Amino acid sequence: MGERLRDAVSPYLRAHADNPVEWFPWGDEAFAAARERDVPVLVSIGYATCHWCHVMARESFSDPGLASLLNAGFVAIKVDREEHPEVDAACLAAAAAFTPDLGWPLNVFMTPTGRVFHAGTYSPPRPVAGHPSFRQVLDAVGEAWRDRRGEVESSADGLAAALRDAAAAAPAATPVTGGALARVVDDLVAFEDRQHGGFGGAPKFPVAPLLLAAIDLGRSPLLDEQRRERIRGVADRALAAIRDGGLRDPVEGGFFRYAVRRDWSEPHYERMLTDNALLLRAYAAAGDRATATGVVGFLRDVLRRAGGAFGSAQDSESEVDGRRSEGGYYALDAAGRARQPAPAVDAKVLTGWNGLAIGALADAGTRLGEPSWVALAVDVAEAVLASQVRDGVLLRASLDGRPSAAVATLEDHGGLAGGLLEVALAAGRVDLAIEGRRLVDACLVDGGFAAPAADPTLEALGVPGGSDASEGAAPSGPTAIASAAWTLHLLTAEPAYRDAAVTTVASLVAAALERPIGHGSALALGLAMAEPVRQVVVVTTGGPDDALAAAARALPASVTAVLDEAAAAAFADAGFELFAGRRTIGARSAAYVCRDFVCRLPVTDVAQLA
């Protein structure tokens, strides 16, 4: 019945192709069918490694009786939230009016014109502890549509208007000050789980963006030493607990999505590219080579696809001794795993997520002196550009070279641009920096940022899409593009990049200061932009044991680049002003330390640099 999904780019949609539900993929065709039949639309959103999505698929969407009811009274659309983040963000915003417990699967009921009038998450096949069954939900929604149409449409129109107004409202600009950061540190210290490490209770998430912000706070000159020490302790304890408490796979090295228990035990076993990319960055920043090496191994050996880019995630479930098991594979040692099929990898390539991994590999390889990691970052960057750019236009997603119809978002442009800029500096590849700059330029609009294209179906329905502003697991689209633009400003001195980044971050800071656990990347970027700018360039003679380069990398800096004289000249010729006139001195490596592009005289030995 789900023939429309059989050739989908998303493996999640393909997994639903054999359901008796007559699924549509996201697009205009489904809404046209709903208008023709005058029935409501069910938009059911999930992703390939979502455990409860699998459960609901088995319990409800595979049930012929429920499917018959759904097919008769609704047009059903299946959406992969990773493929269509704009759709997911729009539906989450509307669903918040109906349930405080947002998550996936997310089941949103709309009028044929795209106005939401009911929403919920997982529904069991039978009523449990006050939760209605999915059949009861369908019956109630269908009854409301048939018998109380005017009330339903009026309520839906009111919610749509409120969401449009909220999307159009400009958040108040908030400065990042030492006093505000001190309050953030105090709040995070109070929120820490001092018994088990990390933040909050069960379920327990690593919240890698916040850990990275905590690491930066622990080094910030905007805070007093006492607070720096306290927040460093918070970060160190969290990293140790996440590493040692059960969230890390000791065999293949990657980190699981979250833990069911407060003490980090009983992982939820899916392994995401986003989590592992950001945790790689965190453990490299903490100097934990062994843990970082394990994450790199997981990315390289498990998630990397034949085309050279990274897939999105690895599933929590697999067949162990012929029986479906969640986590059973991960309970085995290496020899036991060799005798079992590995959990499936969601092989779709997501551009922004790959950008996070490229940047993390370049950063970790540079920090820990692992050139093979930088080389891997270069290879993945080249593979992503080859598969995800068509006629100069960036793709959101692809599978085995087949492009998705989903439009690239700010997350994709910013995430990939940021990764390209990092690996360009790590490897001396000006061509990658030029491509990163092109991606940011494509989003510069009237002193701010906007993706070059919006989701056409949302646009036709008049539904604001945009980005999910939460950053519990990864940077939001606005933060990602602003971060890449800020880096470009540090490299080029172009005020347009600085001004757009400052404007964007100013609108994010209030939420980041008030609720840092959900806005860690925005907090970290706001902190970086509030601190004094220091730029460090080392033009090296290329020796493998260049002590000056190593000392420069250890300096606290807004941006650091180590490259040879030819690469420095190529960057300068391409308009990256920071590298103009940078050269070796007397056949010796030379370090240039600059503050807001005002540079001291170059030095050639470590003592002078210190």
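Okay, let's start with a sulfur bridge: the torsion about the S-S bond of Cys50 and Cys53 is about 80°, so this disulfide is right-handed. By disulfide I mean a pair of cysteine sulfur atoms within 2.5 Å. In this pair the sulfurs sit 2.3 Å apart. Cys50 and Cys53 are both buried, and buried here means under 20% relative accessible area, with exposed over 50% and partly exposed in between (1.4 Å probe, protein chains only).

Before I go on, a word on what you're looking at. This is a predicted model, where local features need pLDDT of at least 70 and side-chain atom pairs count only at pLDDT 80 or more, while totals for chains, interfaces and linings use all residues. Residues are numbered from 1 along each chain as its sequence is written, and side-chain values use heavy atoms, with hydrogens and water left out.

Back to the cysteines. How many disulfides does a search of the whole structure find? Two. The other one links Cys594 and Cys599, with sulfur atoms 2.0 Å apart. Its S-S torsion is about 95°, so the Cys594 and Cys599 disulfide is right-handed. Cys594 is buried at 0% relative accessibility, while Cys599 is partly exposed at 28%. Counting bonded cysteines along the chain, the pattern goes 1-2, 3-4. What about Cys91? The closest cysteine sulfur to its own is in Cys53, 14 Å away, and that is too far for a bond. Cys91 is buried, at 1% relative accessibility.

Helices (H or I, at least four residues) and strands (E, at least two) are DSSP runs, numbered from the N terminus, and two strands pair if DSSP finds at least two bridges between them. In general, strands of a sheet pair through backbone hydrogen bonds, either parallel or antiparallel. Here we have an open sheet of four strands in the order E21-E20-E22-E23, with mixed pairing. The edges are E21 (559-564) and E23 (598-599), each pairing on one side only. E22, residues 590-595, runs antiparallel to E23, and two bridges join them. Across that pairing, Arg595 stands opposite Val598. In the loop between E22 and E23 you'll find Phe597. Phe597 isn't a glycine, yet its phi is positive, about 70°. With 23% relative accessibility, Phe597 counts as partly exposed.

There's another case like that at Asp391, also not a glycine, with a positive phi of about 55°. Asp391 sits in the loop between E14 (389-390) and E15 (393-394), and it's exposed, at 83% relative accessible area.

On to the inside. A nonpolar core is a set of buried Ala, Val, Leu, Ile, Met, Phe, Trp, Tyr and Cys residues joined through side-chain atoms within 4.5 Å. The largest one has 161 residues, and Leu217 and Phe579 touch the most other members. Helix H11 (273-285) gives the largest share, nine residues. A second, separate core has 27 residues, including Phe31 and Val87.

Last stop, the cis peptide bonds. One joins Trp104 and Pro105, with omega about 5°. Pro105 lies in the loop between helix H5 (85-95) and strand E4 (106-110). The bond from Ala202 to Pro203 is also cis, with omega near -5°. Pro203 belongs to the loop between H8 (178-191) and H9 (208-217).
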